[in-house]
Structure formats: C-alpha cells, structure tokens
Amino acid sequence: MPQIWYTVRKKIGDIRGTLPSGVQGPFFNDEFGDVYGSIYVLSADGFTYQELKDNADRVRQMLLKVKDVNKVQIFGAQDEKLWVEISQKRLAQLGLDFNQVIAQLGQQNAVESAGAITAPTDYVQVRVGGQFNTVEELERFPIRANGASFKLGDIATIKRAYIDPPQVKVHHQGKEVIALGISMAKGGDIIEMGKALDKSVEAIRAELPAGLEMHQFQNQAKVVSTSVSEFVHVLIEAVVVVLAVSFISLGLH
C-alpha cells in the first residue's frame with residue numbers, strides 16, 4: 001500500500017501545473033486508516049489556550065518514546081492566526097486602494113529561495129530576511145501609495161486570534177480539551193503497550209503543572225484484555241462441561 005499511495009501522489013503531482021491559477025492543493029491524506037487505540041485528553045484550569053497547546057506538544061513528545069507507540073496525533077488544537085482588519089473608511093480618507101495594500105503585504109511576506117551555498121561538507125539554503133516576526137513589526141510595515149507613506153497600523157487593526165470557523169473541537173465532561181490519539185506500531189502488542197502507557201502517563205502526570213489534568217478517554221488495551229479474559233473463562237467452562245459429560249457418559253456404560 002505505501003508504494004501505491006506514493007505512485008498516486010506522483011501522478012496527481014504531475015497535473016498540478018495544469019490546474020487553473022489560484023487553485024490550492026490538491027492535498028493528500030493517506031493515513032485515514034490509522035486506528036487510535038488509546039486516547040488521552042488534556043484540560044487546563046487557569047492556563048491560557050496557548051499554554052495548553054504547548055503542554056500538549058510536550059506530552060506528545062514523551063508519549064512517542066513509549067514502547068510499541070507508532071504515532072501520537074493531536075486533536076482539537078486550534079491554529080493561531082494574525083488577523084488584519086483594514087478600515088474601509090480610513091482607506092477612503094487617505095485615498096488608498098484596498099488592492100494596493102493587499103499586494104504590498106503579499107510581496108513583503110512572500111517566502112522565496114535566494115539560492116544555496118554548496119560547501120564540501122554541507123549544503124546551505126539562503127533566504128532573504130524581512131519576514132514578520134511580531135505584531136508590532138506588522139503594524140510598522142510601510143504602505144506606499146499616491147506619493148505618500150503610511151504605517152499599516154494607521155489603517156488596520158492587527159491582532160492574534162484563532163481560526164474562525166474553528167477546526168474540529170474536542171470536549172470532555174463539558175470542557176474544551178485537547179486530545180492525543182495513540183496508534184500502535186505494526187506487530188506490537190496492544191496489551192503490553194497499554195501497560196507501558198500506564199507507567200509513562202503516571203510519570204507525565206507527576207510533571208504536569210498544577211491545574212493541568214490528563215485523563216484517559218479511550219483504553220483499547222483494557223477492552224482487549226477483558227475480551228481475552230472472557231474468552232479464556234468461557235473456554236475453561238466449555239472444557240469442564242465437555243469433560244464432565246464425557247466422564248458421566250463413560251460411567252453410565
């Protein structure tokens with residue numbers, strides 16, 4: 001299957017150049033078959049959403065080190081964006097064209113390769129500086145039009161916020177949380193992985209700041225262990241019944 005998906009990616013990639021201008025993608029998702037047998041949720045009390053995301057990333061790195069863990073996927077985390085709200089009234093007062101402002105922003109924030117330096121032991125990509133790193137830098141960005149220069153902050157309100165509409169959200173016991181889904185490596189033992197996760201999660205909980213809680217939302221290892229125990233119990237009962245019937249039958253004859 002991996003080779004088939006790779007071939008599909010290549011063939012679709014070959015037609016990118018034939019798509020109309022402005023088309024985004026195509027995008028690929030060849031991991032939809034992953035099964036997350038164990039899911040944990042992180043909830044925070046007294047923390048900002050960004051602090052919750054940072055702790056979720058840190059917990060994810062710890063869980064990746066557990067035996068038989070193949071991948072740890074984060075669900076419910078919202079991406080942060082910079083919102084630039086341009087005042088049409090202010091544009092009209094200054095005689096600026098909205099499209100000119102957008103074009104100048106796009107040119108400044110474009111990320112393009114400036115070449116590369118090839119050394120005997122290394123290959124270094126060269127990139128031109130000038131990207132925006134803070135909100136303040138974006139507010140000070142000069143807009144030039146009609147022979148005059150203005151700051152972007154003079155005509156727009158710039159703020160940090162999360163995407164709207166939001167991506168998939170996860171709730172647990174009435175709280176918005178971030179979930180971490182854990183998939184098992186090929187050939188792994190789900191029960192042994194569950195035991196290893198229990199030990200690791202216990203250590204992780206001890207390191208979490210006060211007010212940050214980690215709960216298990218789904219435990220496939222426990223379900224499998226219970227099913228195996230029930231099967232063994234039923235098998236023993238069946239063997240006992242068969243032996244009892246056999247002994248009774250032999251005794252009667």
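Reply: Among contacts in the chain (heavy atoms within 4.5 Å) between residues at least 6 apart in sequence, 72% join residues at least 24 apart. The model is predicted: local features need pLDDT of at least 70, side-chain atom pairs count only at pLDDT 80 or more, and totals for chains, interfaces and linings use all residues. Residues are numbered from 1 along each chain as its sequence is written, and side-chain values use heavy atoms, leaving out hydrogens and water.

The pLDDT (the predictor's confidence in each residue, from 0 to 100) has a mean of 82 over the chain, and 89% of the residues reach 70 or more. Confidence is highest in helix H2 (residues 49-63), with a mean of 90, and lowest in strand E4 (residues 113-118), with a mean of 64. Where pLDDT is low, the predicted coordinates should not be read in detail. The chain has 8 helices and 11 strands; these are DSSP runs, with helices (H or I) of at least four residues and strands (E) of at least two, numbered from the N terminus.

The part to look at is strand E1, residues 36-44. Of its 9 residues, 8 are buried (under 20% relative accessible area, where exposed is over 50% and partly exposed is in between, with a 1.4 Å probe and protein chains only). E1 is therefore largely enclosed by the rest of the structure. For the chain of 253 residues, the buried share is 23%.

E1 has two strand partners to consider (two strands pair if DSSP finds at least two bridges between them). Strand E10 (residues 175-184) runs antiparallel to E1 and is joined to it by 6 bridges. Within that pairing, Tyr36 has Ser183 of E10 as its bridge partner. Strand E11 (residues 212-219) also pairs with E1 in the antiparallel sense, over 7 bridges. Here Ala44 stands opposite Leu212. In a regular strand the side chains alternate between the two faces of the sheet.

Tyr36 and Ser183 also touch a lysine. Lys71 sits in strand E2 (residues 69-75). Leaving aside neighbours within four places in sequence, Lys71 contacts Glu31, Asp34, Tyr36, Leu64, Gly181, Ile182 and Ser183. With a relative accessible area of 15%, Lys71 is buried.

Next comes Gly76, in the loop between E2 and strand E3 (80-86). Gly76 counts as buried because its relative accessibility is 7%. Beyond residues up to four places away in sequence, Gly76 touches Tyr49, Val168, Lys169, Val170, Val177 and Ile178. The C-alpha atoms of Gly76 and Lys169 are separated by 4.4 Å, although these residues are 93 apart along the chain.

Most residues other than glycine have a negative phi, and most peptide bonds are trans. The loop between helix H1 (2-14) and E1 includes Pro26, and a cis peptide bond, with omega about 0 degrees, joins Gly25 to Pro26. In the loop between H2 and E2 lies Asp68, whose phi is near 75 degrees, a positive value in a residue other than glycine. Gln173, in the loop between strand E9 (170-172) and E10, also has a positive phi, about 55 degrees. Gln173 is exposed, since its relative accessible area is 70%.
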